[in-house]
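Please read it alongside the model.

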Amino acid sequence: MENELCKAKEILKEYNQEHLLNFYDELTEDEKNILISQINSTDFNKVNNYYNESVTATNISSDRISPIPYISKDKLSNEEINNYTKVGENSIKNGELAIITLAGGQGTRLGYKGPKGTYEIEVPPKKSLFEFACDSLKEVQNKYNISLYWYIMTSPSNNSATQKYFEEHNYFNYPKEKIKFFVQNTFPIIDTNAKIILETPYSIKTGSNGNGDVFKSFAANGLVEDLDKNNIKWIFIGGIDNILLKLADTLFLGLAISGNYSIASKSIRKTDFSSPEWIFANVDSKPSIVNPESLSPDADLNLYNQTNMLAHLFTADAFKKLVTVPLPYHRAFKKNVFINSEGMKEVPLRPNSFKFEKFIFDSFRFFDKLLLLEVPSDEEFAPIKAFTGNETPETALELYKKYYNLE
């Protein structure tokens with residue numbers, strides 16, 4: 001232990017982070033071991049590099065931006081829908097589609113203690129966000145007599161509770177062997193002086209690496225070999241909080257296959273152009289998502305009216321490519337509870353620290369084209385974000401019941 005402590009002190013001195021040991025003498029032996037182990041396993045060089053290289057939201061010059069053509073589901077003919085759907089159905093029947101659900105968050109913004117995916121809504125009966133997602137997969141199971149692989153990305157803070165929840169609910173009667181969990185990577189959170197903050201006197205405060213970390217986290221958990229072993233050709237990635245999300249959309253899949261696309265996204269129409277939602281567009285002829293403020297004043301907004309709903313499709317080859325490429329870290333200034341200089345937990349009143357995140361949309365630029373399918377928001381978009389605002393449990397449930405004619 002003495003050698004490990006000396007090693008930690010040398011590292012902290014080199015990177016000017018000695019404050020992490022301020023309360024060391026007050027810790028129990030177990031707590032000392034936890035802190036020293038965490039310090040010695042942290043790549044402080046990366047912390048410095050990511051801070052220096054990370055980007056904040058910036059506008060892009062309008063001459064680099066061009067529209068991405070999109071297909072509107074409402075404007076497809078019945079014949080087109082039937083043809084593309086058959087293509088997608090054949091792929092699903094062959095077991096070529098796998099699902100990844102992003103579920104690393106906690107239910108804090110909902111006033112709920114526990115993994116966000118375990119948050120329950122009175123439909124009735126009560127149903128958790130995980131069960132809404134599983135119902136979508138069981139529809140596929142019943143219709144096509146096949147159980148798709150379901151990968152669930154958790155976080156270190158909610159992984160054990162998530163797996164326990166599935167065990168307690170008998171995996172919602174979905175085949176247990178088809179559900180696999182993998183843990184999202186995390187990264188230290190730093191204050192405005194580039195000092196790593198403490199979550200407790202014996203642990204470093206970390207934050208999830210964002211949804212763009214799904215590729216490397218999937219690989220780090222040894223799951224890439226599953227793709228070839230199980231003949232998986234396509235991977236759909238979606239968030240846990242949209243209870244109308246279609247996890248296995250045969251039309252969407254059929255369009256991507258027929259158009260020979262490597263990547264695809266669903267989108268919804270932006271109606272309020274004064275709102276801050278970013279929009280799909282090409283940047284330097286590569287697909288991306290941009291701040292609408294970057295558009296030139298005379299841009300035709302009808303060509304830039306598609307926003308992200310976190311519903312993405314990748315070929316297995318595209319997914320494996322993205323395991324190997326570096327996505328940039330974005331720096332977000334946020335409020336984070338921390339241990340102050342007196343060893344007390346402090347809740348800040350305003351943003352006090354930087355969190356580093358990767359975003360899936362930064363992966364688009366590694367491909368030449370993106371299939372963009374606009375879908376009706378009242379049919380496929382009922383997110384649950386917080387207790388207040390436009391994306392509450394009540395608003396989501398209202399959309400869900402209306403879509404399924406439950407009242």
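Asn173 sits in the loop between helix H6 (159-168) and strand S7 (179-183); helices (H or I, at least four residues) and strands (E, at least two) are DSSP runs, numbered from the N terminus. This is a predicted model: local features need pLDDT of at least 70, side-chain atom pairs count only at pLDDT 80 or more, and totals for chains, interfaces and linings use all residues. Residues are numbered from 1 along each chain as its sequence is written, and side-chain values use heavy atoms, with hydrogens and water left out.

**Positive phi**
- Most residues other than glycine have a negative phi, and most peptide bonds are trans.
- Asn173 is not a glycine, yet has a positive phi of about 60 degrees.
- Asn173 is exposed, at 60% relative accessible area (buried is under 20%, exposed over 50%, partly exposed in between; 1.4 Å probe, protein chains only).
- Asn231 also has a positive phi, near 60 degrees.
- Asn231 lies in the loop between helix H8 (224-229) and strand S13 (234-239).
- Asn231 is partly exposed, at 34%.

**Cis peptides**
- Val123 and Pro124 are joined by a cis peptide bond, with omega about -5 degrees.
- The bond from Pro124 to Pro125 is cis, with omega near -5 degrees.
- Pro124 lies in the loop between strand S4 (120-122) and strand S5 (126-128).
- Pro125 is found in the loop between S4 and S5.

**Cavity lining**
- Residues lining the largest cavity include Phe236, Asp249 and Leu313 (a cavity is a set of points on a 1 Å grid over the protein atoms alone where a 1.4 Å probe fits but cannot get out; lining residues have an atom within 4 Å of a point).

Methods:
1 Å grid on protein atoms, 1.4 Å probe; cavity = no way out; pocket = protein on both sides within 12 Å on 5 of 7 lines; lining within 4 Å.
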